[in-house]
Amino acid sequence: MARELRLILGDQLNARHSWYRQVDPDVLYVMAELRQETDYVVHHVQKVLAFFAAMRKFSQALKTAGHQVLYLTLDDTQDWPDLLQGLAQLCATHKITSLRYQAPDEYRLDQMLSRLPGLLDAEVFMDDTEHFLTSRDAWQNYPNNRMEFFYRALRRHYRVLLDEAGQPLGGRWNFDQENRHKLPAKQPLPSPLLFDEDVTELHDQLQRHAIQTLGQVDPKHLIWPLTRKDAKRLFQFFLEHCLADFGRYQDAMTDRGWSLFHSRLSFCLNTKMLHPLEIIQTTENYWKTHQEQISLAQVEGFIRQILGWREYVRALYWEKMPGYAEMNELAATRPLPEFYWHGKTHMACMAQAIQQSLEHAYAHHIQRLMLTGNFALLTGIHPDQVDAWYLGIYIDAIEWVELPNTRGMSQFADGGWIASKPYAASANYIHKMSDHCAGCHYDHKRKTGQGSCPFNSLYWHFLHRHRDQFCKNPRLALTYANWNKFSTSEQEAILATAETYLQQLDQL
Ligand code: FAD
Ligand code: SF4
């Protein structure tokens, strides 16, 4: 009879964790599909399927390796009031004397599991997930609090893209200048590597339990990698087919495809099937042997996302929670427009970003930030509603990474902890970085009247109504100077167009 219970959460599929180094007959691993996890927000159906299917495969792999695993499906846990009481029952049934769990990444679960010692007779221990490159309190260790300095310190610490003298390869830390081009019309795009998992039985189970979901799926052909082996295949595909153009077209948006040169590794990373350092080091080594095809700018741009942004937003999350989830610096109050849930809008750029999100549970960073996020920012949508949408719809959405990106970076609801100015943009930017405007119902060049691009008047309306907050921000000085160059009648016409659009958001 096992004496120790070890709880594995759905985003803790780290096969290389030290827990699994030895098979121990005294240890019982427990994995559970739970209503509390399917119901805390409405998730994309592919997200629920991918998490549960990956958990099932992970438990099977542990069993095959000789570990004792108790895997509980939704059928098995349907009478559990919640995770804590379910664990208490299991501890009693199995006469457990100690319970271990890995540090949850979400504040919600961290708080919940911290109540375990008071509930159980067993001793309770929390172990590290052995996944991240910084500790939860990393924010305190990097006093400058800006991503760039955080990232440089981590590059030094992990000796990534450095020369013998400890200086950045290529003489610079940042190659953004070389990157971020629009996609040329004739630029071929790689066909994304898609997996083909039959999850029909699981899908039936979700339906039997009446789990509410959003988005589309063909359950016979789930496209996401569910095992470490397939996650590694996706990574290898990225190295061979996408890395050479990653940074160059990182910010490009197009009607021609849905993932361009992006890696789509966020699900594999956030479930911990892949470790960030293995991705970073393998990418650097791959580049070293393929320098004729791949420039340093591409590799640096990719590594920055994982070593820099990913660790940075996590540090911010743990520093600022729980208050962060309540912040609403710009006092935004409007409800999320209906078209976020079905993608039927005349705005071609928004239609593309939303429809592909519903179809694939995926949009790349600039679609999230400069289309759906930008539109919500300009129109003053309540950040709770924006958060619920992002937390539900994306395959990679887990609160520790979703919240700082959404509430902070895209909505400026944190007052500038992540972004030194709001990521607000007009059609000018969208036209520059995409091919969407050519086929759009709206005219990207016009700022006023019916048929003018909503992003234009809404952009100026946003800046005008938040003038007190932003006019002293040096990064916006030129923008306000441009606004001041419009005549009073031009300003009035722009603001009137924006007001009209704000009254009819659902019809845009
Ligand atoms: P790539 O472009 O290939 O980048 C490689 C990896 O870098 C990603 O897999 C991811 O792990 C990491 N990364 C890149 N940018 C960021 C970032 N800003 N923050 C943290 N990690 C980053 N990412 C999530 O993982 N989960 C979320 O719920 C999430 N919500 C977001 C919400 C908004 C409003 C915005 C603007 C961004 C959000 N991001 C989120 C960050 C980013 O958009 C996704 O990580 C990325 O689009 C995932 O696609 P990819 O794997 O192809 O990324
Ligand atoms: Fe988007 Fe405006 Fe361009 Fe249409 S015209 S695609 S709404 S930016």
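**Ligand shell and parallel sheet in a predicted model**

Q: In this predicted model, how far does a polar side-chain atom of Tyr 362 lie from an oxygen atom of ligand 1?
A: Tyr 362 is among the residues that come nearest to ligand 1. A polar contact needs N or O atoms within 3.5 Å. The polar side-chain atom of Tyr 362 meets that cut-off, with a ligand oxygen at 2.7 Å.

Q: How much of the area that ligand 1 exposes when taken alone does the protein bury?
A: Taken alone, ligand 1 exposes 820 Å². Of that area, the protein buries 99%.

Q: Which elements give two or more residues to the shell around ligand 1?
A: The shell holds 30 residues. Elements that supply two or more of them are α11 (266-270), α13 (296-320), α16 (365-379) and α18 (399-410).

Q: Which residue has a backbone N or O atom 3.0 Å from an oxygen atom of ligand 1?
A: Ser 263 uses its side chain: an N or O atom there is 2.7 Å from a ligand oxygen. The backbone atom at 3.0 Å from an oxygen of ligand 1 belongs to Ser 266.

Q: How many residues of the shell around ligand 1 are nonpolar?
A: The shell has 5 charged residues and 10 polar ones. The nonpolar residues number 15.

Q: Why is one side of β4 and of β6 left without a neighbour in the sheet?
A: The sheet is open, with 5 strands in parallel pairing and the order β4-β2-β1-β5-β6. β4 (68-72) and β6 (123-127) stand at its edges, so each has a single partner strand.

Q: By what average angle are neighbouring strands of this sheet turned against each other?
A: The value ignores strand direction.

Q: Which residue in β4 is the bridge partner of Ala 32?
A: Strand β2 covers residues 27-32 and pairs with β4 in the parallel sense, over 5 bridges. In β4, the partner of Ala 32 is Leu 72.

Q: What angle does the direction of α4 make with that of β1?
A: Helix α2 (residues 45-64) packs on the sheet against β2 and β4, at about 160° to β4. Helix α4 (residues 83-93) also packs on the sheet, touching β1 (4-7), β2, β4 and β5 (98-102). Its angle with β1 is about 155°.

Q: Which residue does a cis peptide bond join to Pro 322?
A: Pro 322 sits in the loop between α13 and α14 (339-342). Omega of the cis bond is about 5°. The residue joined to Pro 322 is Met 321.

Technical notes
Residues numbered from 1 in each chain as written. Chains lettered and ligands numbered in written order. Predicted model: local features only at pLDDT ≥ 70, side-chain atom pairs only at ≥ 80, totals over all residues. Heavy atoms only, no water. Near = heavy atom within 4 Å. Polar contact = N/O pair within 3.5 Å; in protein donor to acceptor, adjacent residues only side chain to side chain. Areas by Shrake-Rupley, 256 points an atom, 1.4 Å probe, with all protein chains shown as cover. Helix = DSSP H or I, 4+ residues; strand = E, 2+ residues; numbered from the N terminus. Nonpolar A, V, L, I, M, F, W, Y, C, P; charged D, E, K, R; others polar. Pairing = 2+ DSSP bridges. Axes fitted to C-alpha atoms, helices over the stretch in contact; angles between N-to-C directions. Contact = heavy atoms within 4.5 Å.
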